[in-house]
Amino acid sequence: MRGRQAQGDASLPTYKRVASKDHLHDNLSGRIPGFGKENEKPAWSRALPHVVVATISSFLFGYHLGVVNDTLESISLDLGFSGNTLAEGLVVSTCLGGAFIGSLFSGSIADYFGRKRSFQLCALPMIVGASMSATTSSLTGMLLGRFLVGTGMGLGPSVAALYVAEVSPASVRGTFGSFTQIATCLGLMGSFLIGIPAKEAKGWWRVCFWVPVIPAAVLALTIELCAESPHWLFKKGRSVEAEAEFERLLGGFHVKSAIAELSKSDRGDEAEAVKYTELFYGRHFKVVFIGSTLFALQQLSGINAVFYFSSTVFKSAGVPSNMANMCVAVVNLSGSCIATILMDKLGRKVLLLGSFSGMAMALGLEIMAASSFVSRGTSVYLSVGGVLLVVLFFALGAGPVPSLLLSEMFPNRIRAKAMAFCMAVHWVINFFVGLLFLRLLEQLGAKLVYTFFATFCLIAFVFVKRNVLETKGKSLQEIELAFLPE
C-alpha cells in the first residue's frame, strides 16, 4: 500500500506535492488552510539571482557603447587611419549596424531557442568580436570585430527585457526591470574608467577590448544555472517544465495560481511560429503601434545627441573630457537607481510622464543657452545644467521604462518578435539621430535643434497620457487581457 501511495505522490505535479506538505505544516502549526503563505506575494529573493545573471548582457551593452569613447584616437594611430573621419565614424557606427541586425533576429532566436540559449548566442559574438578587435592589426579586422559585437548587443537587451519580465514576481517586476538600465550605466562607467589610461599608455586600447570577454564568458556559463522562462516553456506546450520553473522562481504555493493565470491568455498549444505580419493587423496592431512609437519617441527626445554633444558642452566650461564623461555617467546611474526605487511605487506611466516633461524643461535651458540675449558665462552654466538635467530625467523614466513596459504589454505569443521589431525601430532612429545631429546643428543652429527635441518630448508626454496603461503590480496575463480584450 505504501509503495502505491508513494508512486501516486510521485506522479503528482511538483506544485501539488509541495503544497500538500506545506498544508500539513500549516495544520500542525495552527494555521487555517487557504490562508497565509498562498495569499502572500512570492519572495523576490528566489528570482533575484536569475535576474542578476541576465543583466550581465546589459552591462556588456553599456560597456561596448562606451569603449571607443577614449580609445578611438589611440586605435586610429595604431591601425593607420588617424585623421580619416570616415574610418573613425565607421568604427563607431559599425557596431550600431550590427546591433540593428541582431535586434531584427532576436525575436526569432528567442522564440526558437528559448531565453537561456539566446543569452549564450548573445555572448558568443561578443567574445569573438571583442577578441578580434583586441588583436587586429588592420581597420578591416576592427570593423568586423565591432560588427560581431554589435550583433550581440542587438540581441542582448531585448532578450534581457523578455527574460526579466517573465521570471520576476509582479510586485517587484518594475524594480527588477530597471536593473538592466543600472547595468547599462555601470557598463558605460566601466568603459570610461578602464579607458582613462588609453591616451597615455601605448596599446592600452587592446586591454580595453579584452576586458569584456570575461563578463561575456561568465554570462554564457552562469546562465546554464538559471531557470528557463516558464512563459516560453508553457507557450511551447512544455507545461510540466513550466511548473517546475515557476516553483523554482516563485515557490511551491504560487505555482498553481501562476499556471492558472497563464492559461487565461495562453492555451499552451500555440507552438507554431508567429509571423511578423501578425504584428501589423487585427488585435495586435494597437499594442505594437504603441510599443514602436514609444521607442521612436525615446530616441527622438534627443538623448543620444545630448550624450554625443556633452563632451563639447563641458569643454566650453573648462571641464576635461574624462571628467565630463564621468559626470554624465554618474548622473545617469543616480537617476537609474532612483527609478529602481520608484518603479513599483509610483508606476511606469507616472515615471514616463515626469521624465518626458522634465526633459522638455531641461532642453528649454539648452534653448535659452543658445539665445543671443544670454551672456557667455550664463550660457555655459545653462548648457552644462541642461545636459545633466536631460540625462537625469531620461534615466528616471524614458530610459528604463520603455523596454520593461513593452515586455509587459505584449502577449506571450508575440512578445519576442514584437520586442524585436520595436528594438529595430529603436536602432534605426538611434542611427539617424547620431548621423544627422551634427549636420543639423551646423545648418540650423543649436536653438532650432533643441527646440525640435523638446517638441518631441512634449509629443511623447501627450502620447503616453493617452495611450499607455499602468502595469504596476499586475501579472503579465492581466496586462495582456487589458490591452487585448476578448
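This is a predicted model: local features need pLDDT of at least 70, side-chain atom pairs count only at pLDDT 80 or more; totals for chains, interfaces and linings use all residues.
**A pair of neighbouring helices**

Take helix H3 (residues 44-54) and helix H4 (residues 56-66): their axes come within 4 Å and cross at roughly 25°. H3 and H4 are therefore roughly parallel to each other. On the H3 side, the contact is made by Val52, Val53 and Ala54, while H4 brings Ile56, Ser57 and Ser58. Sort the residues of this H3 with H4 contact by type and you get four nonpolar, two polar and no charged.

**The chain as a whole**

Zooming out, the protein chain has 23 helices and zero strands. Of its 486 residues, 55% are buried. What about contacts along the chain? Counting those between residues at least 6 apart in sequence, 83% join residues at least 24 apart.

**Salt bridges**

The structure holds twelve salt bridges.

| Residue | Partner | Closest N and O atoms |
|---|---|---|
| Lys202 | Asp78 | 3.6 Å |
| Lys235 | Asp111 | 2.9 Å |
| Glu166 | Arg115 | 3.0 Å |

Start with the salt bridge of Lys202 and Asp78. The pair links distant parts of the chain, 124 residues apart: Lys202 lies in the loop between helix H9 (173-195) and helix H10 (204-210), and Asp78 belongs to helix H5 (residues 72-79). Are these two side chains' residues buried or exposed? Lys202 counts as exposed because its relative accessibility is 76%. Asp78, at 33% relative accessibility, counts as partly exposed.

The loop between H9 and H10 also holds Glu200. With a relative accessibility of 73%, Glu200 counts as exposed.

Now for Lys235 and Asp111, whose closest N and O atoms are 2.9 Å apart. This pair also links distant parts of the chain, with Lys235 in helix H12 (residues 230-235) and Asp111 in helix H6 (residues 85-113), 124 residues apart. Both Lys235 and Asp111 are buried.

The salt bridge between Glu166 and Arg115 has its closest N and O atoms 3.0 Å apart. Glu166 sits in helix H8 (residues 139-167) and Arg115 in helix H7 (residues 115-135), so the pair links distant parts of the chain, 51 residues apart. Glu166 counts as buried at 2% relative accessibility, and Arg115 counts as buried at 0%.

Which residues are linked in a network of salt bridges? Asp111, Arg115, Glu166, Lys235, Arg415 and Lys417 are the ones.

**His426 and its surroundings**

His426 is found in helix H21 (residues 415-444). Its relative accessibility is 9%, which means His426 counts as buried. What is His426 in contact with, leaving aside its neighbours within four places in sequence? The contacts are Phe295, Gln298 and Gln299.

**Cysteines**

How many disulfides does the count come to? The count comes to zero, taking a disulfide as a pair of cysteine sulfur atoms within 2.5 Å. Cys327 has a relative accessible area of 29%, so Cys327 is partly exposed. Cys422 has a relative accessible area of 0% and is therefore buried. The cut-off behind that call is that buried means under 20% relative accessible area.

Terms used
Residues are numbered from 1 along each chain as its sequence is written. Side-chain values use heavy atoms; hydrogens and water are left out. Axes are lines fitted to C-alpha atoms, for helices over the stretch in contact, and angles run from 0 to 180 degrees between N-to-C directions. Helices (H or I, at least four residues) and strands (E, at least two) are DSSP runs, numbered from the N terminus. Angles under 35 degrees count as roughly parallel, over 145 as roughly antiparallel, 65 to 115 as roughly perpendicular and the rest as oblique. Contact means heavy atoms within 4.5 Å. Ala, Val, Leu, Ile, Met, Phe, Trp, Tyr, Cys and Pro count as nonpolar, Asp, Glu, Lys and Arg as charged, and the others, Gly among them, as polar. A salt bridge is a side-chain nitrogen of Lys or Arg within 4 Å of a carboxyl oxygen of Asp or Glu. Buried means under 20% relative accessible area, exposed over 50%, partly exposed in between (1.4 Å probe, protein chains only).
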